[in-house]
Amino acid sequence: RANKAAFERFGFKPEEMIGLKCYEILHNNSEPCKGCHITETLKTENEVSIELESQSFNGIFRHSTFPIRDNKGEIIGVAEIAKEITEEKKKELEKDVLNNINKLLASGLDLKQTLRSIYNELKRLLEIERISISLFDESRENFKILSLGKDYDFTGLTEGISYPVKGTNLEKVYETGLPIIVNEPSGIDSWAERRLIEEGIRSLLNYPLIYQGSIIGTLNLCSNRDNTFSEKVFNLLYPIASGLAIFVQNTLLIEEIKKSEEKYRTVVEGTQDGVCVIGNDYKFEYVNEKLAWIQGYSKEELIGKDIRDYLDEESRRLLAYREEQIKKGIKLSPHFELNIIRKDGNVRNVEISARRIKDSKGDSNVIVILKDITERKKMEEQLIQTEKLRALGEMASGVAHDFNNSLAAILGNTQLLLYTVKDDEIKESLKIIEKVAKDSAHTAKRLQDFTRKRSDKEINKVDVNSVIRDSIEITKPRWKDESQGKGINIEISTDLREVSTARGNDSGLREVITNLLFNAIEAMPEGGRIL
């Protein structure tokens, strides 16, 4: 027996069904189906419920079977209720697909991977072989395939290439704001869509992607079958397209941020100054290559380490003092100097420029720019030393002048006494005084020659070897007496061969060579040999 609804759904007349085996008429089988629910009911004498998809009737059915008993309780048959649940299952599948797509759009994966996963989900509902996103440029006159997913290799429209919008379905979508369906090749009349025909596409759907009220592009679905799409699919695509438009816009924004970050990172990494970001705990959160070079460590070795661990005691005290003053509300200059201890133990002088900033979460960090001023400090010290030497030279010149005047009086009186004294012993003593006075006068003269500033720049014949010897003698107290007193041994070796006299200023040349010797002595704090 069967009711009217069964005859209508299965498409048979009563005489075509009654008396035939169910597996013959409903499933075109010559023997019972594997896992038959009717057989199970007869075997277990219990109710059985099962869902089956029927290819013959293009639907999904929930079958429920119940045993029929006679007055004695013996099973004499089976009653079957078949409820079609095709639409119910379709809605469940659509819901599952939408949930999965929403998760994909919220996952933050890259656009290409996300679109490929969306494509795989939509294939559970639609017979499609190609999916893509077309994005308009700012003028809306051109578009690019932003991302593409398909099940074949050939493609007439490729990613990243700019194509004109005019004469395409995308132009119609932009003008009307409505999706477009083409269900057979004869309806494809634009140059862009004809390229899809070359790929084997026979049906296509262009759905607008709308962001904040503006159409930014389209979601494109393609099939190699005729009549694949209908307006029923719009209800499915509406929430997908809305989420996808936001995802695309966010992806583009993130890419712009990354490009901007990369641009500024390139600037920061390429600068000649050290740059770092330091948290409130004084730990490095970011360092550029130049700062790592200044400190002699790799970037990885510095990240997460306390900057105070790389400072000398004086610099640590300065930082502590500045922190105390800032806590008291006292404004300090953002520019100051610190001494950094490198990995190799050497000390570098750096000029600090520090600015405190807050991020979007309200957390504060300090951006620090370090300028290595070690060489500048050395030059400043050399200039100071030069000024000291100049002042010392001027003072020595005055002292030598006064000393010469005193020596002249001593020498003159000594020589007068030599003409008048008859005692030989006294004469010997006066000769010794005369010799010492002359030597002292010679030394004073050399000191005067060294320190004298002449405006006429007198040019005469110069014995270069003599000038070198004089310079060595003048600097002797510094490289010999003073150094030996400190336990440092400095030797000066000469190889003065016979050379012709030169025209020049002996005093100026003597000053140059003397300064060279002083610089060489400064450069050898541990001692050494000057050649």
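Buried means under 20% relative accessible area, exposed over 50%, and partly exposed in between (1.4 Å probe, protein chains only).

## Basis

This is a predicted model: local features need pLDDT of at least 70, side-chain atom pairs count only at pLDDT 80 or more, and totals for chains, interfaces and linings use all residues. Residues are numbered from 1 along each chain as its sequence is written, and side-chain values use heavy atoms, with hydrogens and water left out.

R225 is partly exposed, at 35% relative accessible area. Its side chain meets that of E129 in a salt bridge (2.7 Å, N to O). A salt bridge is a side-chain nitrogen of Lys or Arg within 4 Å of a carboxyl oxygen of Asp or Glu. E129 lies in the loop between α6 and β4 and R225 in the loop between β9 and α9, so the pair ties together parts 96 residues apart in sequence. Helices (H or I, at least four residues) and strands (E, at least two) are DSSP runs, numbered from the N terminus. E129 is buried, at 11%.

R225 also meets E127 in a salt bridge (3.6 Å, N to O). E127 is partly exposed, at 48%.

## Other salt bridges

The whole structure has 24 salt bridges. One joins E51 and R62 (3.1 Å, N to O). Both belong to a network that also links E88, K89 and E92.

## The core

The largest nonpolar core has 31 residues. Such a core is a set of buried Ala, Val, Leu, Ile, Met, Phe, Trp, Tyr and Cys residues joined through side-chain atoms within 4.5 Å. Helix α9 gives the largest share, nine residues.
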